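Me: I'd like to learn how to read a few features in a fold. Could you take me through them one by one?

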Amino acid sequence: MQLPSGCGLSIATMDHHVADSPGQILECTASILGCSITDERLAIYLDQEDELRHVRDEFHMPKMKDLPSIDPTLVEAEDDCVYLNGNSLGLQPKKTKAYIEEELDKWAKIGFHGHFVGAFPWAVADECIVELMANLVGAKKEETALMNGLTVNLHLLLLSFYKPTSSRYKILMEANAFPSDHYAVVSQIQLQGLDPEKCLLLLSPVEGEETLRNGDILSTIEKEGDSIAVILFSGVQYYTGQLFDMVSITKAGHAKGCFVGFDLAHAVGNVELCLHDWNVDFASWCNYKYMNSGAGALAGAYIHEKHQYSVKPTLHGWWSNDMKTRFEMDKKIHLSPGVNGFRLSNPPILLVRSLQAALEIFNQTDKKALRRKSVLLTGYLECLIKHYHSKVPDNPQKPYVTIITPSNIEERGCQLSLVFSCPISSIFMELQKRGVACDKRVPNALRVAPVPLYNSFSDVYKFIKILNESFKAAMQ
């Protein structure tokens, strides 16, 4: 499908001011095509113009027939499912299996020799791909480590960065942070013999609102900063999909003498990150959501280079030791500087190779192109939801959907969180019957994430069509 010559509208050629208003580019493109924004022709055209459409071929897309909850009378068995759940678990890269099998084959053939030979010697396998990870989070190689799981890393980092004193003892975080972050922070406070009720400063949205105002975050830091030891926020809020202004939060925290760290579980692989340039003190993230490295994947950690000698790990292990002396088996540790000293154990090679498969895809893809597509793809989803499912004042009985994720594209990644005016369980069941994979969260939200790496505009179109059908079926 071709637009009239001279139109010049495509994802690849969107400049910054156009990308700031995805609704305008969508409406304009639909108008030139001679259709409405709800017409499938728009989705088909946008997919044809997508400079990243080939990246989808790097992933396994689940088939309808293989999903556990589908109704075979409502779907075509061999069709791809509508997978919009990359914010929970990313899809498997096609290279993953081959990379893992390489290591299993190596183990079978040469046994322990695999620790020091081959393209990925097991003893330093994490270091073979850490630069790829560092590039993605905007950090230096020496500031980045691949180790453990997210919460384990968060504990290790807090043990060193949270050093409460009589005057500076609080940790500031979101009241609605992911529960595991809350558990970790409470236990760290208790480990210091302190009372979480007095030391944990929780920030909630203004009454009647779903997301935090950046001004309220900054004013709280200004007001309470002298008593705050650590500020710990998520990069992207797991429930609402709100992207926090990490730059201003970090700057405000430092102005008050606080350490500033982030849980980037829902940010890495989703939004652009520049941890080093933003002067972030520390961060931790998992790699199984937008990073597509498999359930329980090897996680990441970051510490800014300015702390490489001043902030040291509280706990030491074999891999904390400098590689030059690690295998001399000396009882005296020669601590690696910075985040590398926080490593405790040898890297799990199968998880390293799984992460490699995903990182290679990201590092072969332009970050700006990913962001451009993400903005338009999520904007397309937003426009269609508002078109079909906005609240109708003249019809108060009609069920409606409220998008609680910020509408400002600078305050969100690819996830939209939808809250329903009616019970969500029956609608969610109908979506599953029709092969939609998305995420239900209590009490009444549906998290939908069109991931630019592998989701298409046609996926969004199909989702809306199925959502419309599911509303009707659930209301019968």
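Predicted model: local features only at pLDDT ≥ 70, side-chain atom pairs only at ≥ 80, totals over all residues.

Me: How many helices and strands does the protein chain have?

Reply: Helices (H or I, at least four residues) and strands (E, at least two) are DSSP runs, numbered from the N terminus. Here the protein chain has 15 helices and 13 strands.

Me: What radius of gyration does the protein chain have, and what would a compact globule have?

Reply: The radius is taken over C-alpha atoms, and the globule rule is 2.2 Å times the number of residues to the power 0.38. For 476 residues that rule puts a compact globule near 23 Å, and the protein chain agrees at 24 Å. Its C-alpha trace spans about 75 × 60 × 45 Å along the principal axes.

Me: And what share of the residues is buried?

Reply: Buried means under 20% relative accessible area, exposed over 50%, and partly exposed in between (1.4 Å probe, protein chains only). Buried residues make up 55% of the 476 in the protein chain. As for contacts (heavy atoms within 4.5 Å), take those between residues at least 6 apart in sequence: 70% of them join residues at least 24 apart.

Me: Which residues of α4 are buried?

Reply: Thr-96, Tyr-99, Glu-103 and Lys-106 are buried. Seen down the axis of α4, the buried residues fall within an arc of 100° (from the directions from the helix axis to the C-beta atoms), so they line one face of the helix. They pack against α12 (349-363). On the face turned away from that buried side, α4 carries the exposed residues Lys-97, Ala-108 and Lys-109.

Me: Now charges. How many salt bridges does the structure hold?

Reply: Side chains of opposite charge can pair when their charged atoms come close. The cut-off is a side-chain nitrogen of Lys or Arg within 4 Å of a carboxyl oxygen of Asp or Glu. By that test the structure holds 28 salt bridges.

Me: Which residue does Asp-80 meet in a salt bridge?

Reply: Asp-80 meets Lys-63 at 2.8 Å, N to O. Both lie in the loop between α3 (40-49) and β1 (82-83), so the pair ties together parts that are 17 residues apart in sequence. Asp-80 is partly exposed at 29% relative accessible area, and Lys-63 is partly exposed at 28%.

Me: Where do Glu-222 and Lys-256 lie?

Reply: Their side chains meet in a salt bridge at 3.9 Å, N to O. Glu-222 is in helix α9 (residues 214-224) and Lys-256 in the loop between α10 (246-255) and β6 (259-263), 34 residues apart. Glu-222 is exposed at 52%, whereas Lys-256 is buried at 16%.

Me: Which residues do shared partners join into one network?

Reply: That network of salt bridges consists of Arg-56, Lys-63, Asp-80 and Asp-459.

Conventions: Residues numbered from 1 in each chain as written. Heavy atoms only, no water.
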